[in-house]
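Hi,

Here is the structure I promised to pass on to you. Please open it first, and then read my notes below.

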Amino acid sequence: PIVFVPDQPGQAAIDATAVAMLASPLRDQRDVIVYDPRGTGHSQPNLDCAEVRSETATQLGESLAPEEAAARYNAAALACRARLAQGGVNLSAYNTLEQAADLDDLRRALGYTQLNLYGSGYGARVILNLLRGQPAGVRGAVLDSPLTPQNNLLSEAPGAADAALTEFFAACEALARCAVWYRDLERTLANTVDLLNARPAALTLTDPATG
């Protein structure tokens, strides 16, 4: 079988991808498996933080200083943590090593000798940990844009985004048509950021989940 490992920490997969996977041409020759990692989606216990979702939605309609917004978000996250812990959830059991071990448990529970694994981003990191700890159950693995174990997603994200934009701007300048159509793209972006920081745009949107 081919197992698709979700590419973000805390991301479920069944509801989001099962319908698309049913139509996948991969199913002509392979079993295709999507699953919800522990703590997400249909798994139990589910670590969904209603407190954080509510606070995030509330802040969308408010104009807050960054310090106040962060403090309120952190308070909501801590309230969620306390609720889960009081409910008997062992929060230390939700980590990358446990997720990797879960993949091997999934293989054995479904009766497969080996798995083919596909993961991008954080999903690739989970696969790398499985290959390091329990490689016998893996036939093959595709690591797409892997977030390797030595990478720190949070601390490296700003630098990675800046490097990507810098390369993008340079590529546009080097391409005659792009340089004509989007003159001084870097300055345009910087000016737009300054403008929106000074006068944030107000938008009215409909939540697709709630209407």
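This is a predicted model: local features need pLDDT of at least 70, side-chain atom pairs count only at pLDDT 80 or more; totals for chains, interfaces and linings use all residues.

Residues are numbered from 1 along each chain as its sequence is written, and side-chain values use heavy atoms, with hydrogens and water left out.

Let's start with L117, which lies in strand β3 (residues 115-121); strands are DSSP runs of E with at least two residues, helices are runs of H or I with at least four, and both are numbered from the N terminus. L117 counts as buried because its relative accessibility is 2% (buried is under 20% relative accessible area, exposed over 50%, partly exposed in between, with a 1.4 Å probe and protein chains only). Leaving out residues up to four places away in sequence, L117 touches, among others, V3, L103 and L130 (a contact means heavy atoms within 4.5 Å).

L103 and L117 are also among the residues with the most contacts inside the largest nonpolar core, which has 14 residues. Such a core is a set of buried Ala, Val, Leu, Ile, Met, Phe, Trp, Tyr and Cys residues joined through side-chain atoms within 4.5 Å. Its largest share, four residues, comes from α5.

Which residues of α4 and α5 make the contact between these helices? On α4 they are T96, L97, Q99, A100, L103 and D104, and on α5 they are Y122, R125, V126, N129 and L130.

Enjoy exploring!
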